[in-house]
Amino acid sequence: MCGIVGYIGNQSALEIILSGLQRLEYRGYDSAGVAIYEDDQIHVHRALGKLIELRKKLDGDVPGKKGSVGIGHTRWATHGKPSENNAHPHSAGRVSLIHNGIVENYIELREELKGDGCVFSSETDTEIAAHLFNRALGTGLAPFEALKDTCGRLRGSYAFLAIDSDNPDRIMVAKNATPIVIGVGEGEMFIASDIPAILGATRKVIILEDGDIAELSADGIRVENDGKEVKRPVETVTWDPVTAQKGGYKHFMLKEIHEQALVLAETFRGRLNIQDKSVFLEGMNLTDEEVSQIDRVVFVACGTSWHACLVAKFYFESLTGIPCEVDYASEFRYRTPVYSDKTLFICVSQSGETADTLAAIELVREHAKTLAICNVLGSSIARRVGDVVFTHAGPEISVASTKAFTTQIVSALVLALWIGERRDAVSAEKRGEIISQLVHLPAAIDEAVKVEEQVKEIAKKFHQASDFLYLGRGSCYPVALEGALKLKEISYIHAEGYPAGEMKHGPIALIDEHMPVVVALQNSPLLFEKTLSNLREVHARAGRIIAVTDVKGNAELAEVCEEVIEVPYLSEELSPLLLTVPMQLLAYYVAVLNGTDVDLPRNLAKSVTVE
Ligand code: AGP
């Protein structure tokens, strides 16, 4: 989720690139850099921290201010900590290159390049692409052919911009599964990872497609895909700059709900091996022996992340066979927890900065094994634990977490498979089954988002209710809790999540004709029937039921419900993910109808860094 900007034309590239990067600031970043061709050479400037740090470095008489060809980057770290060395552009010989995405096979390529005498100065996956491109150019290939050759070696997602000091009249571009847009000007071209970066300069854009390799000069573009020249149309953008930052959506929350298919694929990219029925987690410090000794897993987290832990517990119990507990970090930190060096503490945090979660991990990290499931590389939590599984959700801007939740659940599932495999607790067959279902998850999530119009209509019927009850059983009880939390956070309506089977022990007294009851009902032979009978109890008391389910066309369910929202079914393990999407959309549309500040709800902060 890095920001990319490039310019080729007749103006000074530096200022255009820096202001483009500034407009991408909402994506969040940890370092920035530029490479500008000027006076027969490429000048690279990089700085750790926000763009202002790079601007400080560029104060005064530094080379690169006059050049009219350049590329710039703001980094959201994925491989390698945030540091100046890891900041882009990365250079090799004649080449400077920037990248957004993840190169999956970078470890094997790095070894190959090292064997070839290449020296690496960063820990990034990107630097291998710079070396590959430079090596290909060194064999006498033209830049276009050299970039094709480079991309042919790479697996993963990428948007690359590269400049070559021997061919300074062009910028080379490659795109695969990561967005890139070209802005067309008069005798000048702009390139960016996102439309807002170039809106100030032009409204005419070319959207590149996966597999495109392009060569840009000041007044032209040549694009090839799969070895054949292709024409990409020039389109006109009508968005205002703020809408553009939100990708055309009214709110970041809606954008992030829609982004889930894409980022879930990023979460497991490079981690699943379908053939071997095994998972790969990069850079884990836990040894096989330590994994085999773990006798207890304790999850600690807050809010939405805590709900993700509740789903994770199901995965851990069934796939690792290790007893597992889930604790609120804010409670845990003030107890005297009992644990040993065989306990594995897993803290889950989107931001990696939540004060309570940080304090909980501080309490035990000296004497237990610690691991984080976290979205922000270099964050305080990520730096304090023994191991980190990054969620790769990209910056989440809306205060209400959506994509963070689903990527945390998938990360936990991958981690449970990884541990289960090492402990021989899960058969290869079961691993293979889950891995193949995960591969289909992004498409199924995209399908689930299509209930949006139906949900909008449901929101119109129910948005004036003063209370909502959310129910679920098994791994869908956390989905009910999360649905209720989303509604509370952004619409300020009282909502309560409850295990469906517990309803008769109290909350059933609340049910009357005014009470909307939202239920997450998974396709499980046992739990579907059980939950259905709880719904009959609600129906008998005139409660208004909105069911979210991955069971298709069930007549008995339709009979007791006022609304049934159906999403695709993949497996019982993945039901919580698919059933979450309509819950997020329902909260969103109720809040929109009630006119609240959806992305910045009252009294809340994105990252709770105080007690
Ligand atoms: C989610 O919608 C909330 N904004 C909140 O509950 C959040 O999940 C919680 O504060 C934990 O944050 P973290 O994941 O960054 O640690």
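This text goes through the nonpolar cores and then the salt bridges of a predicted model. Local features need pLDDT of at least 70 and side-chain atom pairs count only at pLDDT 80 or more, while totals for chains, interfaces and linings use all residues. Residues are numbered from 1 along each chain as its sequence is written, and side-chain values use heavy atoms, with hydrogens and water left out.

The largest nonpolar core has 91 residues. A nonpolar core here is a set of buried Ala, Val, Leu, Ile, Met, Phe, Trp, Tyr and Cys residues joined through side-chain atoms within 4.5 Å. Buried means under 20% relative accessible area, exposed over 50%, and partly exposed in between (1.4 Å probe, protein chains only). Ile346, Leu415, Leu438 and Tyr470 have the most contacts inside this core. Helix H21 (residues 575–593) gives the largest share, 12 residues; helices (H or I, at least four residues) and strands (E, at least two) are DSSP runs numbered from the N terminus. Because domain 2 (255–448) and domain 3 (450–593) both contribute residues, the core lies between them. The domain bounds come from an automatic or database domain assignment.

Leu415 touches Leu281, Met284, Phe316, Ile346, Leu371, Ile373 and Val389, leaving aside residues up to four places away in sequence. Contact means heavy atoms within 4.5 Å. A second, separate core of 28 residues includes Val5, Val181, Ile195 and Val237.

Now to the charged side chains. Side chains of opposite charge can pair when their charged atoms come close. A salt bridge is counted when a side-chain nitrogen of Lys or Arg is within 4 Å of a carboxyl oxygen of Asp or Glu, and the count comes to 44 salt bridges.

Asp39 and Lys66 form one of them, at 4.0 Å from N to O. This pair links distant parts of the chain, 27 residues apart: Asp39 is in the loop between strands S2 (31–38) and S3 (41–48), and Lys66 in the loop between helix H2 (51–57) and strand S4 (69–75). Asp39 is exposed at 55% relative accessibility, and Lys66 is exposed at 60%.

Glu123 and Lys81 also pair, with their closest N and O atoms 3.1 Å apart. They are 42 residues apart, Glu123 in the loop between helices H3 (106–115) and H4 (126–138) and Lys81 in the loop between S4 and strand S5 (90–92). Glu123 is partly exposed at 36%, as is Lys81 at 48%.

Glu453 and Lys456 form a salt bridge at 3.1 Å between the closest N and O atoms. Being three residues apart in helix H17 (residues 452–462), they are separated by about one helical turn.
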